[in-house]
Amino acid sequence: MGLRPRPVLLMAPRASRKAAFASGTLAWFSGGLNCWSYYWTLRIPLPVVLLALTIPAVAFGLATLLCRNFIERNRPTLAVLSQPCAWVFYEFINNLSNGT
């Protein structure tokens, strides 16, 4: 993940909850669009592609809200750790579902 979520996380405390969630979700979704031609080449059905792009985007949006919540409560250590911990949790649940 690296530093890619940094702009969204820097904007999140200054924005409303809806705007923070929307910016996190849209940022991840738009970043996932770079795989569109790959999915198209494999002839994956459109609903499956949209799910493959939307589910991680929503997870990132929720992790952004979690980070924003800790920043509002003046808990900087938890705010810094919340995003990576939430993403590891998402990846763990994702790997439980497909077994790889």
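Predicted model: local features only at pLDDT ≥ 70, side-chain atom pairs only at ≥ 80, totals over all residues.
1. Helix 4 passes helix 5 in a right-handed crossing. Helix 4 covers residues 46–72 and helix 5 covers residues 76–98. Their axes come within 8 Å and cross at roughly 155°. Angles over 145 degrees count as roughly antiparallel, and helix 4 and helix 5 are therefore roughly antiparallel to each other.

2. On the helix 4 side, the contact is made by Ile55, Pro56, Ala59, Phe60, Ala63, Thr64, Leu66, Cys67, Phe70 and Ile71. Helix 5 contributes Leu78, Ala79, Ser82, Gln83, Ala86, Trp87 and Tyr90. By class, this contact of helix 4 with helix 5 has 14 nonpolar and three polar residues, and no charged ones.

3. On spacing: an α-helix has 3.6 residues a turn, so residues three or four places apart point the same way. Among the residues of helix 4 that touch helix 5 are Pro56, Phe60, Ala63, Cys67 and Phe70. Those on helix 5 include Ala79, Gln83, Ala86 and Tyr90.

4. Helix 4 itself has 27 residues. From its first C-alpha to its last, helix 4 reaches 39 Å, close to the 39 Å expected at 1.5 Å a residue. Just after helix 4, asparagine 74 takes a positive phi of about 60°.

5. The buried residues of helix 4 are Val49, Leu53, Pro56, Ala57, Ala59, Phe60, Gly61, Ala63, Thr64, Cys67, Arg68 and Phe70. The cover over these buried residues includes helix 1, helix 2 (17–32), helix 3 (36–41) and helix 5. Arg68 deserves a look in the viewer, as a charged residue on the buried list of helix 4.

6. Arginine 4 lies in the segment before helix 1 (6–11). With a relative accessible area of 61%, arginine 4 is exposed, because the cut-off for exposed is over 50%. Arginine 4 and alanine 27 are 23 residues apart in sequence, and their C-alpha atoms are 9.7 Å apart in space.

7. For the chain as a whole, there are five helices and zero strands, and the elements run α-α-α-α-α from the N terminus on. The C-alpha atoms fill a box of roughly 45 × 30 × 20 Å, taken along the principal axes. Of the 100 residues in the protein chain, 27% are buried. Among contacts between residues at least 6 apart in sequence, 61% join residues at least 24 apart.

Conventions: Residues numbered from 1 in each chain as written. Heavy atoms only, no water. Axes fitted to C-alpha atoms, helices over the stretch in contact; angles between N-to-C directions. Helix = DSSP H or I, 4+ residues; strand = E, 2+ residues; numbered from the N terminus. Parallel < 35°, antiparallel > 145°, perpendicular 65-115°, else oblique. Left-handed = near helix turned anticlockwise from the far one by under 90°. Contact = heavy atoms within 4.5 Å. Buried < 20%, exposed > 50% of the residue type's maximum accessible area, 1.4 Å probe, protein only. Expected span 1.5 Å × (residues − 1).
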